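Open the model in your viewer and keep the selection panel at hand. The stops below go through the sheets and then the helix contacts.

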Amino acid sequence: MSNLIEARGLSKSFGSTRALDGISFSIPEGRIVGLIGPNGAGKTTALKAVLGLTRFEGELSVLGRDPYHKRHEIMQDVCFIADVAVLPRWIRVQQVVDFVAATHPRFRPEICEQFLSRTDIKRKSRVRELSKGMITQLHLALVMAIDAKLLVLDEPTLGLDILMRKQFYETLLNDYFDGQRTILVTTHQVEEIEHILTDLMFINRGRIVLDASMEDVAGRYVQLAVHPDRAEEARALKPIAIRQGLGRMHMVFADTPRNELEKLGETGVPSVADLFVALMQGDRS
Amino acid sequence: MNRFAWLMRRELWEHRAIWAAPAIVLALLLLGSVTGNVFMGDIHINADIGQDGDGGGQGTLSDEDIAELESIRGVEDLHKLERLEKLDKAPGQNFNSVPAGEAFSMLPPEKRESVVAVIYALVTAVMFLVLGSIGFFYSLDALYSDRRDRSILFWKSLPLSDAETVLAKFCMAAAAIPVIAAAASVVGQLVLATGVSLKFALTGGEAGLLWAPQVLAASSLASLVLALVCALWFAPLVAYLLLASSWAPKSPFLWAVLPPVAAVMLEKIAFGTKHFAEFMQHRMMAPFETMFRDQNPGDTPVAAMDVVSNLLQLFTSPGMLLGLVAAAALLAGAIWLRRYRDETT
């Protein structure tokens with residue numbers, strides 16, 4: 001299977017800060033990759049480079065092309081939702097649907113109609129008259145109707161309530177993802193997307209801290225809930241992170257034999273959020 | 001409809017003033033001409049309209065006539081014009097006012113055509129002035145507003161090249177807006193002729209007074225030629241405004257206006273000359289200055305057809321060609337900025 005995105009030594013500086021510090025990664029077809037990192041880690045910069053919106057050093061190929069110089073070509077196969085605020089506020093719903101239908105060769109109007117008919121969005125409304133949730137639904141309807149190979153989502157649910165956020169990802173998973181498309185998503189609300197991801201990529205201070213499939217993550221990392229009495233024994237096994245819980249200590253271990261840990265307490269797969277915190281703390285020290 | 005047509009259409013969706021403003025002017029024109037209050041105010045006229053030169057037989061007018069007639073403010077006031085004319089012939093006499101229609105009918109036919117030609121020219125001037133201002137602000141906004149509200153990220157998510165996008169905006173400002181101005185002028189002339197005829201028919205006068213087919217044809221042609229000249233002559237100005245719009249981190253108006261103002265002032269201070277100011281003035285005013293140039297001063301006044309041939313002369317002027325070259329360079333700059341300007345921050 002070919003790689004949809006291939007990056008080697010991708011770098012980008014703003015003045016003296018290095019937003020991306022020579023990162024390399026590849027994203028194959030049919031994956032849902034979560035790009036996760038703290039604010040200012042370089043997530044958005046990486047996405048903008050992929051979308052051809054920013055200049056970079058190093059090698060980057062998206063669908064076999066250089067995104068910086070061939071942006072409008074790759075946009076035939078790539079869709080993105082930057083965040084809810086980017087649909088032009090003056091445009092009418094019908095106008096934006098007609099415009100995308102007329103300018104995007106892979107747009108299938110019937111799918112857009114089908115999705116919009118499930119919402120309360122009126123075709124005559126202007127975007128500025130819609131609620132934030134409705135704007136997201138509209139944007140999603142547009143994007144879902146495009147038969148693209150890669151969908152890039154940069155904080156797509158920012159500012160939405162929890163119901164809307166859940167609905168957004170459910171729609172994406174049920175109605176859009178078909179096993180061949182690739183989705184690259186960044187968000188701060190990791191707990192909401194972890195069940196849909198196939199791959200995880202942690203990025204911090206312009207460098208990749210973790211790049212693994214969810215299966216690998218489950219294989220490598222173990223979370224242990226240990227009674228304080230046995231904390232010293234557990235500490236000896238060198239956890240990468242320790243958190244004080246209610247009557248238990250929660251520790252995250254990397255590449256530690258599972259049977260040894262099972263003797264000390266309850267083991268499980270760490271949540272993406274816990275793993276993220278663990279690896280970010282490790283990265284800082 | 002192809003993609004480029006859709007891009008142009010999108011501009012009309014966003015900038016409704018481009019079609020709404022001329023529509024409003026037309027509506028006011030209709031309303032005003034029927035109620036007889038098209039232009040309000042006093043007239044200041046020496047009543048020598050059409051009396052110099054050949055008497056304006058073919059709807060021709062001299063510069064002076066135009067200047068005078070441009071100050072005519074009301075169809076109603078046509079009777080004042082008549083009065084003044086009589087006054088001119090018989091000073092000191094008093095006249096009772098007569099209905100406008102009647103007064104207009106009292107004018108000899110060739111003078112009527114002159115008056116009609118000037119009224120039509122006024123309609124054209126209003127339309128070009130209104131759409132010219134809209135074109136100015138449209139160009140400044142075209143590549144800036146979507147950067148300000150970040151909707152550029154949506155437009156850039158579509159498989160449209162930046163060159164196409166910028167060219168569509170350029171064509172809207174440099175070509176479509178002048179054509180709309182010309183079309184609105186022609187329609188405006190028809191509306192005015194219809195409205196005034198109606199008014200005259202109701203108030204007692206000769207209906208169809210403003211219907212002067214050859215004047216209508218000549219001024220329509222003049223409007224269209226003016227649109228063509230404006231499209232080409234102002235292309236570098238439009239491209240410059242688009243470049244400013246594409247460049248400005250904030251306030252494209254200041255970014256567009258301050259550099260030339262600064263250049264004029266610096267030149268004045270450093271060399272005490274004003275070549276740049278003259279250059280800018282020529283670039284901004286040439287079509288309008290050329291329009292009414294009297295080709296044979298003294299004997300023949302400027303007719304609508306002279307306006308056409310005057311305008312056509314601009315086509316072959318070196319300024320036209322140089323301007324188009326400059327427009328291409330400025331436009332390339334605007335496209336480059338649109339393409340490569342980093343919107344990350």
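Two strands are paired here if DSSP finds at least two bridges between them. Helices (H or I, at least four residues) and strands (E, at least two) are DSSP runs, numbered from the N terminus. This is a predicted model, so to read it note that local features need pLDDT of at least 70, side-chain atom pairs count only at pLDDT 80 or more, and totals for chains, interfaces and linings use all residues. Residues are numbered from 1 along each chain as its sequence is written, chains are lettered from A and ligands numbered from 1 in the order in which they are written, and side-chain values use heavy atoms, with hydrogens and water left out.

**Stop 1**

Select residues 150–154 and 182–186 of chain A, which are strands β6 and β7. They run parallel and are joined by five bridges. In this pair Leu153(A) faces Val185(A) of β7(A).

Now widen the selection to the whole sheet. It is open, has six strands in the order β5-β6-β7-β3-β8-β9 (chain A), and its pairing is mixed. At the edges are β5 (78–81) and β9 (207–213) of chain A, each of which pairs on one side only. Neighbouring strands are turned by 15° against each other on average, direction ignored. For this and later angles, axes are lines fitted to C-alpha atoms, for helices over the stretch in contact, and angles run from 0 to 180 degrees between N-to-C directions.

β8(A) and β9(A) pair in the antiparallel sense over six bridges, and Leu200(A) has Ala212(A) of β9(A) as its bridge partner. The two strands form a hairpin with two residues between them. Select Arg205(A) in the turn: its phi is positive, about 45°.

Contact means heavy atoms within 4.5 Å.

**Stop 2: the four-stranded sheet of chain A**

Which order do the strands of the open four-stranded sheet have? The order is β11-β12-β10-β13 (chain A), with antiparallel pairing. β11 (241–244) and β13 (265–268) of chain A each have a single partner strand, so one side of each is left without a neighbour in the sheet. The twist averages 20° from one strand to the next.

Select β10 (residues 221–226) of chain A together with β13(A): they run antiparallel and are joined by four bridges. Val226(A) stands opposite Gly265(A) in β13(A).

**Stop 3: from chain A to chain B**

Two packed helices are described by the angle between their axes and the distance between the axes.

Select α3 (residues 93–103) of chain A and α1 (residues 3–14) of chain B. Their axes come within 9 Å and cross at roughly 160°. That makes α3(A) roughly antiparallel to α1(B). The cut-offs are under 35 degrees for roughly parallel, over 145 for roughly antiparallel, 65 to 115 for roughly perpendicular, and oblique for the rest.

To show the contact, display Gln95(A), Asp98(A), Phe99(A), Ala102(A) and Thr103(A) of α3(A), with Arg3(B), Trp6(B), Leu7(B), Arg10(B) and Trp13(B) of α1(B). By class these are five nonpolar, two polar and three charged residues. Ala, Val, Leu, Ile, Met, Phe, Trp, Tyr, Cys and Pro count as nonpolar, Asp, Glu, Lys and Arg as charged, and the others, Gly among them, as polar.

**Stop 4: a helix pair in chain B**

Select α10 (residues 213–233) and α15 (residues 318–340) of chain B, which pack at an angle of about 55° with their axes 9 Å apart. α10(B) and α15(B) are therefore oblique to each other. Val229(B), Leu232(B) and Trp233(B) of α10(B) meet Gly319(B), Met320(B) and Leu324(B) of α15(B). This contact has five nonpolar, one polar and no charged residues.

**Stop 5: colour by confidence**

Colour by pLDDT, the predictor's confidence in each residue, from 0 to 100. Chain A has a mean of 87, with 98% of its residues at 70 or more. The mean for chain B is 77, and 72% of its residues reach 70 or more. Over residues 65–76 of chain B the pLDDT is below 50.
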